[in-house]
Amino acid sequence: MVVLSHFNQPIVSRAAARNHHKDADGKISVKFGVLFNDDQCANLFEALVGTLKAAKRKKIITFEGELLLQGVHDNVDVILLQD
């Protein structure tokens with residue numbers, strides 16, 4: 001899975017490889033709370049929320065809403081749109 005490792009081999013990929021599931025359409029997704037609490041993701045990107053927002057804008061991932069906040073949105077799926 002990708003998210004933007006300075007825009008090549010990403011964080012969502014790494015966390016998703018450990019914690020992902022596939023939705024009804026077969027797309028890989030991971031819960032925001034899992035990403036937020038993943039130590040390796042935290043070490044790679046201090047600004048995870050901004051990184052995810054930028055990836056959504058570039059149509060690499062999608063999620064419900066405009067902004068994800070820890071606690072409130074822990075159960076929101078972050079879905080990979082492209083490899």
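I started at Ile61, which stands opposite Leu80 in strand 4. Strands here are DSSP E runs of at least two residues, and helices are H or I runs of at least four, numbered from the N terminus.

I noted the ground rules: this is a predicted model, where local features need pLDDT of at least 70 and side-chain atom pairs count only at pLDDT 80 or more, while totals for chains, interfaces and linings use all residues. Residues are numbered from 1 along each chain as its sequence is written, and side-chain values use heavy atoms, with hydrogens and water left out.

Next, the sheet. Strand 3 and strand 4 run antiparallel and are joined by two bridges. Pairing requires at least two DSSP bridges between two strands. I found four strands in an open sheet, order 1-2-4-3, with antiparallel pairing. Strand 1 (21–22) and strand 3 are the edge strands, each pairing on one side only.

Then the core. I looked up the largest nonpolar core, which has 14 residues. A core is a set of buried (under 20% relative accessible area, 1.4 Å probe, protein chains only) Ala, Val, Leu, Ile, Met, Phe, Trp, Tyr and Cys residues joined through side-chain atoms within 4.5 Å. Ile61 is among the members that touch the most others, as are Phe63 and Val78. Helix 2 (32–37), helix 4 (48–57) and strand 4 each give two or more residues to this core. Helix 4 gives the most, with three residues.

Last, the loop. Val72 lies between strand 3 (61–62) and strand 4 (77–80). I read Val72 as exposed, at 64% relative accessible area; the cut-off is over 50%.
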